[in-house]
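Dear colleague,

Please find below the structure I promised to pass on to you, together with its sequence. My notes on it follow directly after.

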Amino acid sequence: MDGYTKLNEMLESALKQAGEESGMLLGQELTISLTDSLSTSKTAFFSDLDDAIFVIGVDSREAYVGQFYLVFSLRDAIVMSSTLLGIPPARIQEKKRLSIIESDDFDAFSEIGNMINGSFNTVFQGSLANKVHLKVLAPKKFIPDIDKLTDVEPIPEGEYLMFRSRLEMAGQELNYLDVLIPVSLGNQFDPPVVVAEEPPQSA
């Protein structure tokens, strides 16, 4: 994906810090490593989606207005929330295999979301020229073929910048965290460079 060098650097730093701080919360070493970025749309993203997901919205306020989204696989969310809740490993594996999500998991994953959002706030506030405040929203699950896609659920229609990160935690097989940022918000965070056209030279 061309451009968005500053945004890419901000996310790489924020995700690395989020992994370290969330790992301390979980009592497990967790790394979140940015691996890829591309342009996509809601239609394209969900047409390729086979697994259930957990979506955390982040509301950007002050000088940069909009919402972006952290998208985890539901199984990864179950592992992380169950680890925070101190659930025995055998039960965690059973919950992961059967995609069992309970009310306590929502509460625990909200706490993890708050930790990740704190890392994003720290990095974004230290990197952007103007004031920004990020507020995490309540997590929600989406299961393909069961939950219905609408114009606004689980994310709004539109074009997105997708930043994919690999999740790694000792003793667990985790997948990816996708950060989906609407192009309009990405352009606020990291405005495209406008190259002025040179006037035609007179003969």
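In this predicted model, helices α3 and α4 meet through R75, I78, V79, S82 and T83 on the α3 side and I92, K95, K96 and R97 on the α4 side. Their axes come within 9 Å and cross at roughly 155 degrees. That angle makes α3 roughly antiparallel to α4, because an angle over 145 degrees is counted as such. The crossing in which α3 passes α4 is right-handed.

Helix α3, which spans residues 74–84, is mostly covered, with 9 of its 11 residues buried. The buried set consists of L74, D76, A77, I78, V79, M80, S81, S82 and T83. Just after α3, G86 adopts a positive phi of about 75 degrees.

Which residues of α4 are buried, and which are exposed? In this helix, made up of residues 89–98, the buried positions are I92, K95 and K96. These three lie on the same side of α4, because the arc they cover around the axis is only 100 degrees. A90 and R97, on the other side of the helix, are exposed. The buried residues of α4 pack against two helices, α3 and α5, the latter comprising residues 103–127.

The region also involves a loop residue, Q172, located between β6 (159–169) and β7 (176–182). Leaving aside residues up to four places away in sequence, Q172 touches V79 and Q93.

Helix α1, residues 5–26, packs with α5 at an angle of about 140 degrees, and their axes are 8 Å apart. The crossing of α1 and α5 is right-handed. On the α1 side, the contact is made by K6, M10, L11, S13, A14, L15, Q17, A18, E21, S22, L25 and L26. The α5 side contributes E111, I112, M115, I116, S119, F120, T122, V123, F124 and S127. I have given angle and distance together for both pairs, since two packed helices are described by the angle between their axes and the distance between the axes.

Finally, some points on backbone geometry may be of use when you inspect the coordinates.

- S99 has a positive phi of about 55 degrees although it is not a glycine. The residue comes just after α4, in the loop between α4 and α5. Its relative accessibility of 26% places S99 in the partly exposed class.
- E62 is likewise not a glycine, yet has a positive phi of about 75 degrees. E62 belongs to strand β2, residues 53–62, and is partly exposed, with a relative accessible area of 46%.
- The peptide bond from E153 to P154 is cis, with omega near -5 degrees. P154 sits in the loop between β5 (140–142) and β6.

With kind regards

Conventions. Residues are numbered from 1 along each chain as its sequence is written. This is a predicted model: local features need pLDDT of at least 70, side-chain atom pairs count only at pLDDT 80 or more; totals for chains, interfaces and linings use all residues. Side-chain values use heavy atoms; hydrogens and water are left out. Buried means under 20% relative accessible area, exposed over 50%, partly exposed in between (1.4 Å probe, protein chains only). Helices (H or I, at least four residues) and strands (E, at least two) are DSSP runs, numbered from the N terminus. The arc is that of the directions from the helix axis to the C-beta atoms. Contact means heavy atoms within 4.5 Å. Axes are lines fitted to C-alpha atoms, for helices over the stretch in contact, and angles run from 0 to 180 degrees between N-to-C directions. Angles under 35 degrees count as roughly parallel, over 145 as roughly antiparallel, 65 to 115 as roughly perpendicular and the rest as oblique. A crossing is left-handed if the near helix is turned anticlockwise from the far one by less than a right angle, and right-handed if clockwise.
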